[in-house]
Amino acid sequence: MHVHDRKALRDVVWAYLAVLVLVTAFVRVDVTVSYIGHVGGALVAVVMLYAPVVVAWRRGEDLYGYGFRADPVGRGLGFGLGVPLVVFPLFGAAYLGFYQLICHTDALRVLAPPTSCSGFQGLGHIHAPVIDLALAKFVLVQLVVVALPEELFFRGCVLGLLERALPPKRRFLGGGIGWALLITAAMFALVHLPREGDPRTLATFFPGLLFGWMRSATGSIMAPVLAHTASNVFIRLLDQAVLR
């Protein structure tokens with residue numbers, strides 16, 4: 001693994017370690033305030049937004065180079081909305097199969113999230129999710145507080161710099177496939193672990209691969225922000241439809 005830009009690699013390591021320490025501390029702030037919501041989550045969002053600004057400033061760069069832009073709009077929309085249309089049906093089928101298998105096999109129930117199997121009534125009891133103002137608020141929070149900060153830091157800053165240090169040797173539809181993509185996805189998965197200490201959160205490695213590939217293919221974080229938001233909303237709708 002030959003490193004082309006050691007300074008970029010060093011900057012990624014220090015930025016990630018700082019973010020990991022701060023996120024680990026802030027997720028333990030279990031306070032909720034009106035008009036802000038969960039304070040710990042809001043602080044994490046600020047860290048994710050601020051870290052790329054600091055990195056760019058120290059490197060004499062700007063956020064445009066980290067994909068903080070909409071252009072190319074057509075390609076961003078195509079990937080950000082088109083890829084979920086392909087992936088979601090496959091994920092939905094896997095989701096239903098998972099609960100059908102896990103919740104009806106005593107030896108495997110430990111793999112399910114706590115209390116989830118008690119709400120799973122079987123495939124014959126799937127019902128429509130609730131579409132209301134609470135869902136609209138959830139979508140907004142996922143877009144502004146979750147997807148945008150995480151994608152700016154991980155796919156915009158971290159992946160952008162890692163692809164300079166470790167340029168991908170292969171590409172698929174324009175998106176780089178290589179060490180930079182794998183390392184960024186692993187970092188993304190690991191940062192989810194401190195919140196609840198649940199090793200199942202490491203499965204975020206896989207959507208991290210998809211989001212990173214989309215960022216590399218489009219040069220913008222627009223596509224991964226849209227796909228990230230849509231993924232979180234889709235999982236909420238699935239939970240409401242399947243788990244009582």
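**Notes on the predicted model**

1. Ala-107 belongs to the loop that runs between α3 (73-102) and α4 (116-119).

2. Now to the rings. How many aromatic pairs does the structure hold? The count is eleven. One of them joins Tyr-16 and Phe-154 edge-to-face, with 6.2 Å from centre to centre and 65° between the planes. Tyr-16 is in helix α1 (residues 6-26) and Phe-154 in helix α5 (residues 133-165), so this pair ties together parts that lie 138 residues apart in sequence. Tyr-16 counts as buried, at 6% relative accessibility, and Phe-154 is buried as well, with a relative accessible area of 0%.

3. Phe-205 and Phe-206 form another pair worth a look: their ring centres are 5.3 Å apart and their planes meet at 85°, so the arrangement is edge-to-face.

4. Ring pairs connect Phe-88, Phe-91, Tyr-95, Phe-98, Tyr-99 and Phe-234 within it.

5. Two arginines are placed over rings. Arg-155 lies over the face of Phe-188, 4.2 Å from the ring centre. In the other case, the charged end of Arg-236 sits over the ring of Phe-138, at 4.4 Å from the centre of that ring.

6. Two backbone details deserve a moment of your time. Asp-71 and Pro-72 are joined by a cis peptide bond, with omega at about -5°; Pro-72 is in the loop between α2 (39-59) and α3. Leu-173, a residue other than glycine, has a positive phi, near 55°. Leu-173 is located in the loop between β3 (170-172) and β4 (175-177), and it is exposed, with a relative accessible area of 53%.

7. On to charge pairs. Side chains of opposite charge can pair when their charged atoms come close. Here the count comes to seven salt bridges. Among them is the bridge between Asp-11 and Arg-10, at 3.8 Å from N to O. Asp-11 counts as buried at 13% relative accessibility, whereas Arg-10 is partly exposed at 46%.

8. Which arginines does Glu-61 meet in salt bridges? One is Arg-59, at 3.2 Å from N to O, and another is Arg-164, at 2.6 Å. The pair with Arg-164 links distant parts of the chain: Glu-61 is in the loop between α2 and α3, Arg-164 is in helix α5, and 103 residues separate them. Glu-61 counts as partly exposed, at 29% relative accessibility, and so does Arg-164, at 31%. Arg-59 counts as buried because its relative accessibility, 17%, is under the 20% cut-off.

9. Finally, please view these charged residues together. Salt bridges with shared partners join Lys-7, Arg-10, Asp-11, Arg-59, Glu-61 and Arg-164 into one network.

Terms used: Residues are numbered from 1 along each chain as its sequence is written. This is a predicted model: local features need pLDDT of at least 70, side-chain atom pairs count only at pLDDT 80 or more; totals for chains, interfaces and linings use all residues. Side-chain values use heavy atoms; hydrogens and water are left out. Helices (H or I, at least four residues) and strands (E, at least two) are DSSP runs, numbered from the N terminus. Rings of Phe, Tyr and Trp (its six-membered ring) pair if their centres lie within 6.5 Å; planes under 30 degrees apart count as stacked, over 60 as edge-to-face and the rest as tilted. Buried means under 20% relative accessible area, exposed over 50%, partly exposed in between (1.4 Å probe, protein chains only). A charge sits over a ring if NZ of Lys or CZ of Arg is within 6 Å of the ring centre and within 35 degrees of the ring normal. A salt bridge is a side-chain nitrogen of Lys or Arg within 4 Å of a carboxyl oxygen of Asp or Glu.
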